Amino acid sequence: MDVTLARLARYIQEVSASDVSPEALYAAKRRLIDSVACAAAAFPEPFCQQLRQFGAAYTHSQYHARIWGTGQSTTLEMAALVNGSLLRYLDLSDTVLSRSNGHPSDMIGALVAVAEALQCSGKLLLQAIVASYEIYVSLCDAVAMAAKGLDQATAAAVGAAGGTALLLGLDEVQTANSLSLALSGHMQLFNVRCGELSDWKGCAGPNGARHGVFSCLLAQAGVSGPTAPVEGKGGLQTILGAFEWTPGQGAERGRARIENTHLKLHPVCYHGQSAVDAALVLRCQVPADKVRSVRIVTYEAAFLGMGNDPQRWQPSNRETADHSLPYVVATVWLDGALGIDSYADAQLQRPDLLAWMQRIEVQPCLEMTQQFPSQSQVRIEVTDLQGVTTVHTQRNPRGHANDPISDAELEAKFLACFAPWGDAVQASSLLEFLWQVEELANVGQLVDRLVPAAA
């Protein structure tokens with residue numbers, strides 16, 4: 001067994017044998033609440049309905065879990081894919097920014113499914129979320145996967161395997177096999193984030209988590225994985241180069257990595273959060289009909305992900321539009337807000353919006369790139385019809401770990417997102433329940449509350 005695989009497996013065993021910090025459990029609870037909010041908001045979307053129908057067709061398994069919102073029974077793997085994609089679909093879910101970027105909450109749908117099937121306690125679920133985030137984020141901290149063509153879903157596979165192994169109570173050898181099977185069998189291409197984006201953009205991470213669950217079930221059944229998937233010949237370091245992957249040993253000792261992930265207030269790729277905040281400020285100073293041109297200056301990852309491809313100026317679908325700086329900034333300037341309905345087909349085809357986007361240029365900035373990820377900066381320079389330029393620099397968006405949203409703001413997001421699942425009274429009741437999730441004896445009681453349509 002290579003050194004890294006042994007280290008990862010040992011970390012999971014250590015978490016299983018001890019209590020995680022109250023701060024980490026609190027962070028996990030906030031992300032669970034945020035994920036449920038995102039799932040509720042996405043529930044009516046046609047693609048999410050399509051996924052639910054797909055997942056409901058899979059019913060034969062030793063373990064069963066339910067699809068959120070409908071209560072239909074399916075396999076653990078399908079619940080991981082469908083519920084994870086549901087909470088990911090609107091691009092309102094959390095983010096990690098480091099050498100690699102990603103959405104670790106992609107794993108939460110999988111972990112809830114496993115905890116439901118095994119009748120785990122709410123506290124154990126939160127511990128599994130903390131452990132999964134630690135593995136996922138420590139990989140993102142260690143190496144730039146996208147630069148070598150690998151997607152963040154790779155981290156979701158191995159992270160979810162770690163959390164699932166904890167929930168299943170696997171021993172160290174079984175855990176190592178779970179992690180190895182997840183890692184060696186699920187390398188996903190970064191191409192999923194490039195060019196004109198597809199439905200798979202929102203499914204890739206949850207599918208990685210699905211594979212992580214499947215890998216644990218294989219290991220539990222006695223299937224072994226490669227013994228050196230990281231450092232061995234043909235392993236992960238063959239692709240990415242040498243790196244140190246050290247869960248539980250972050251820069252801030254004693255602080256779980258989940259505490260350093262970021263929550264969103266706007267339904268857009270995280271690299272667009274600061275731009276939306278800046279545009280909301282500037283449109284009050286320079287109205288849309290007075291704008292001659294807009295220059296967006298930002299760090300390289302935001303430029304490459306949201307302002308480099310020609311498709312970002314003519315997005316044909318939601319997936320491309322919510323990864324387009326010109327689209328979201330133009331929408332804010334014209335409409336005064338960026339909401340879930342900002343990506344409707346009619347919006348994508350608005351002649352005035354498409355024309356206004358042509359006033360926008362996007363440029364990378366070396367200084368901002370050097371300060372990323374500690375700061376997710378954008379500077380917007382807007383020039384009016386008289387040639388006067390007004391500038392606003394947004395250092396970080398609201399919700400960044402250095403400027404976290406309050407519990408009250410998180411609750412407001414939850415209440416606003418809940419409408420597809422019920423009224424304000426039901427939303428408040430579920431929210432109160434979620435704040436006490438660590439007291440649950442059985443996570444199935446939580447999922448009972450996540451199927452209001454069935455009730």
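**Sheet, helices and pocket of the predicted model**

Strand E3 (residues 291–298) and strand E4 run parallel and are joined by five bridges. The model is a predicted one, in which local features need pLDDT of at least 70 and side-chain atom pairs count only at pLDDT 80 or more, while totals for chains, interfaces and linings use all residues. Residues are numbered from 1 along each chain as its sequence is written, and side-chain values use heavy atoms, with hydrogens and water left out. Helices (H or I, at least four residues) and strands (E, at least two) are DSSP runs numbered from the N terminus, and two strands count as paired if DSSP finds at least two bridges between them.

The E3–E4 pairing can be followed residue by residue. Val294 has Ile360 of E4 as its bridge partner, and Thr298 stands opposite Pro364 in E4. With strand E5 (residues 378–384), E3 runs antiparallel, and seven bridges join the two. Here Ser293 has Thr383 of E5 as its bridge partner, while Arg295 stands opposite Glu381 in E5. In general, strands of a sheet pair through backbone hydrogen bonds, either parallel or antiparallel.

E5 also pairs with E6, in the antiparallel sense, over six bridges. Ile380 stands opposite His392 in E6. The two strands, E5 and E6, form a hairpin with four residues between them, and Gly387 in the turn has a positive phi of about 90 degrees. Six of the seven residues of E5 are buried (under 20% relative accessible area; exposed is over 50% and partly exposed in between, with a 1.4 Å probe and protein chains only). E5 is therefore largely enclosed by the rest of the structure.

Taken together, the four strands make an open sheet of mixed pairing, in the order E4-E3-E5-E6. Strand E4 (360–364) and strand E6 (389–394) stand at the edges with a single partner strand each, so one side of each is left without a neighbour in the sheet. From one strand to the next, the twist averages 15 degrees, where axes are lines fitted to C-alpha atoms (for helices over the stretch in contact) and angles run from 0 to 180 degrees between N-to-C directions.

Val268 lies in the loop between helix H10 (236–240) and helix H11 (273–282), and Val268 counts as buried because its relative accessibility is 0%. Leaving aside residues up to four places away in sequence, Val268 touches Leu90, Asp91, Gln273, Val276, Met306, Asp322, Val328, Leu338 and Tyr343. One of these contacts, Asp91, is found in the loop between helix H4 (76–88) and helix H5 (108–118). Asp91 is likewise buried, with a relative accessible area of 0%, and its phi is near 60 degrees, a positive value in a residue other than glycine. Gln119, in the loop between H5 and helix H6 (122–142), has a positive phi of about 60 degrees although it is not a glycine. Gln119 counts as exposed, at 57% relative accessibility. A cis peptide bond, with omega about 15 degrees, joins Phe372 and Pro373, and Pro373 lies in the loop between helix H17 (366–371) and E5. For context, most residues other than glycine have a negative phi, and most peptide bonds are trans.

Finally, the largest pocket holds about 740 Å³ of space. On a 1 Å grid over the protein atoms alone, a pocket is an open set of points where a 1.4 Å probe fits, with protein on both sides within 12 Å along at least five of seven lines, and lining residues have an atom within 4 Å of a point. Grid points are joined across faces, edges and corners, and a volume is the space filled by probe spheres set on the points. The lining of the largest pocket comprises 35 residues, of which Asn101, Ala146, Phe190, His271 and Ala301 lie nearest its centre. Helix H12 (residues 300–306) gives the largest share of this lining, four residues.

Notes: Contact means heavy atoms within 4.5 Å.
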